[in-house]
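Me: I have not looked at this structure before. Please take me through a few of its features.

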Amino acid sequence: MNFVAMDFETANSKRYSACSLALTVVRNDQIVDEFYSLIKPDTPFFWRNTQIHGIHTADVADAPDFPTLWPHIAPLFQRDRLIVAHNANFDIGVLRSSLEHYQLPTPQYLALDTVRTSRKFYPEFTNHKLDTLCQELNIELNHHHNALDDSRACANILLHEAQQFGPERLKSFVKVIV
């Protein structure tokens, strides 16, 4: 399988308030590259979000803003490329809102949500949160809500599902994002 797992953390409840992003690149069923960056949002941090992910205003003071970061990662978002996220509605929403907020063109790409696949393949699990799945499937997740650890865990969940159930069974979960 070839895909990119994506995870955002946000500064507050506004979807365009991305404060960190990680991408885990998988080619031929192997993690071959990873990208992580803090992002300086143009909106204040809310204490609750900071409590969840541990990122503070001072941490992003010298970080690039989203429009500076986008040209470096935009090539990964192509109409024939699969982007995977755990609770994809959130991460796709952050990407879409950030692009709209900064008036950047929105790419077309393929997406798959590992929450949806895990509900289908593992209905017996207590819940389908990222940390629960990692524990149940024996996948390493050291720092939950660290975007890089979360994107890597998401990639490993999909690889585990593909190995256990076959890549063909995953195709029905792929959606076109425009």
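Me: Which residues does Ser20 touch, not counting residues up to four places away in sequence?
Reply: This is a predicted model. Ser20 lies in strand 2, residues 18–27. Its relative accessible area is 0%, under the 20% limit, so Ser20 is buried. Leaving out residues up to four places away in sequence, Ser20 touches Asp7, Phe8, Glu9, Tyr36, Ser37, Leu38, Ile39, Ile55 and Ala147.

Me: Which residue in strand 4 stands opposite Val4?
Reply: Strand 1 also pairs with strand 4, residues 82–85, in the parallel sense over 2 bridges. In strand 4, the residue opposite Val4 is Ile83.

Me: How many residues of strand 1 are buried?
Reply: Phe3, Ala5, Asp7 and Glu9 point one way from strand 1, and Val4, Met6, Phe8 and Thr10 point the other way. Residues on both sides are buried. The count for strand 1 is 8 of 8.

Me: How many disulfides does the count come to?
Reply: A disulfide needs two cysteine sulfur atoms within 2.5 Å. For Cys19, the nearest cysteine sulfur is that of Cys154, 18 Å away, so Cys19 is in no disulfide. For Cys154, the nearest is that of Cys134 at 9.0 Å, so Cys154 is in no disulfide either. The count of disulfides comes to 0.

How values were computed:
Residues are numbered from 1 along each chain as its sequence is written. This is a predicted model: local features need pLDDT of at least 70, side-chain atom pairs count only at pLDDT 80 or more; totals for chains, interfaces and linings use all residues. Side-chain values use heavy atoms; hydrogens and water are left out. Helices (H or I, at least four residues) and strands (E, at least two) are DSSP runs, numbered from the N terminus. Buried means under 20% relative accessible area, exposed over 50%, partly exposed in between (1.4 Å probe, protein chains only). Contact means heavy atoms within 4.5 Å. Two strands pair if DSSP finds at least two bridges between them.
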